[in-house]
Amino acid sequence: MQSIEHFYPQLLTPAKVVITMHQKPDGDAMGSTLGLYHFLISLGHEATVISPTNWADFLDWMPGIDQVINFEQHKEKSISLIEQAHHIYCLDFNILHRTKHMEKPLLAANCTKILIDHHEQPQEEAFNYGISNTAKSSTCEMVYDFIVDSGHGNLLNATMAECLYTGVMTDTGSFRFPATSASVHRMVADLKDHGLVHTRIHNNIYDNFLENRLRFIGYALLNRMEVLYEYNTALMYITKADLNKFNIKTGDTEGLVNYLLTIQGIRFGALVIDREGERKWSFRSKGDFDVNSFARTHFNGGGHVNAAGGGSYDSLDENIKKFHEVLPSYKNQLQ
Ligand code: 5GP
Ligand code: MN
């Protein structure tokens, strides 16, 4: 993978472009791809955003999201776009299998592939150009840098600002996580200068749920949380029946794992959800307990030091049992 600045000259030649992100895109994945999409369109490129899967309803207000193609719903069209693309941008993931069923067509595509990402241990050999910086708050911040560093800061507008702010806000936990650097605040100041109305974004993302979601959170906190004080750890599990009982959709469980870290002294929070097809883990930590490594070692996952995820085809009970079995070996690290 060559360093991204070697790619900048190619931005000046309009091309057929596909932009994609990890499956079940979150605010940063959708915000960074759409921010880049609006930028590339303004440069005259023919760009399409393809999401590997569906996404949470709370993102549906985002400018340009009505043009995003869901790969699982439009396979043929997506594959044809991937085959015809001159450039494929891969945003907010480090390993191609994070795009689920898109991995094969992406591997097969014989075009220029560009990575912009902030996750640990990127699959560098899969990309021609790229930047992987785990110190960055969000992929949205990296897309902002990409626009400015390539000499196109003059093209920033309120639409791009709304998309980019979304991901930096969600990935920094509203500007509180350690990666919230001075450069993040400087970027936000610049986005404000370009017409960003930040309260609108907070309302759209955080204050736009249905009653059932809040009832579900209350239920989960009361009935599905286990606090393991000996290990400064809290575990939560959600069954299929819980998801059905409260009519929980993609996105409704976002942020649930963060409640675990609000308990005094808790340094490690783990949430496992019995999803369709697999059991999905979310891990969060405070300080230097490395959940990326924990997720990689035990639950076939990865991510960042303080936020990671994983998956398993074993039953929910087996997953919970395994978590209890491996936790004691981390006792010292969790003190
Ligand atoms: P979340 O818990 O919000 O789903 O994910 C937390 C972080 O871990 C995100 O940055 C996400 O991209 C990453 N992540 C989530 N699940 C997986 C996984 O199965 N594999 C890898 N490599 N990363 C994941
Ligand atoms: Mn991200």
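Strand 13 (307-312) gives the most to the shell around ligand 1 in this predicted model, with four residues. Strand 11 (279-285), strand 12 (302-303) and strand 13 each supply at least two residues of that shell. Helices (H or I, at least four residues) and strands (E, at least two) are DSSP runs, numbered from the N terminus. In total, 13 residues surround ligand 1. The closest are Arg98, His119, Lys280, Ser282 and Arg284. A residue counts as near the ligand if one of its heavy atoms lies within 4 Å of it.

Several side chains place polar atoms beside ligand 1. An N or O atom in the side chain of Ser282 is 2.6 Å from an oxygen atom of ligand 1. For Lys280, a polar side-chain atom lies 2.9 Å from a nitrogen atom of the ligand. His304 has a polar side-chain atom 3.1 Å from a ligand oxygen atom. On its own, ligand 1 has 500 Å² of accessible area, and the protein covers 83% of it. Accessible areas come from the Shrake-Rupley method with a 1.4 Å probe; for residues, only the protein chains shown count as cover.

His304 is also in contact with Glu120. Glu120 lies in the loop between strand 6 (112-117) and strand 7 (129-132). Contact means heavy atoms within 4.5 Å. Glu120 and Thr134 are 14 residues apart along the chain, yet their C-alpha atoms are separated by 6.1 Å. Gln121 is found in the loop between strand 6 and strand 7. Its phi is near 55 degrees, a positive value in a residue other than glycine. Gln121 is partly exposed, with a relative accessible area of 44%. Buried means under 20% relative accessible area, exposed over 50%, and partly exposed in between (1.4 Å probe, protein chains only).

Thr139 lies in helix 4 (residues 139-149). Thr139 is buried, with a relative accessible area of 0%. Its side chain is joined to that of Asp92 by a polar contact of 2.8 Å. Such a contact is a pair of N or O atoms within 3.5 Å; within protein, one must be able to donate a hydrogen and the other to accept it, and residues adjacent in sequence count only if both atoms are side-chain atoms. Beyond four places in sequence, Thr139 touches residues including Asp28, Ser32, Leu91 and Ile116.

The largest nonpolar core has 51 residues. Ile19, Tyr89 and Phe146 touch the most other members. Another core, of 21 residues, lies apart from it; among its members are Leu228, Phe283, Phe294 and Ala295. A nonpolar core is a set of buried Ala, Val, Leu, Ile, Met, Phe, Trp, Tyr and Cys residues joined through side-chain atoms within 4.5 Å.

In helix 11 (residues 316-326), Leu316, Asn319, Ile320, Phe323 and Val326 are buried. Seen down the helix axis, these residues fall within an arc of 135 degrees, so they line one face. The arc is that of the directions from the axis to the C-beta atoms. The face turned away carries the exposed residues Asp317, Lys321 and Glu325. The buried residues pack against elements including strand 11, helix 10 (291-299) and strand 13.

Residues are numbered from 1 along each chain as its sequence is written, and chains are lettered from A and ligands numbered from 1 in the order in which they are written. Local features need pLDDT of at least 70, side-chain atom pairs count only at pLDDT 80 or more, and totals for chains, interfaces and linings use all residues, while side-chain values use heavy atoms, with hydrogens and water left out.
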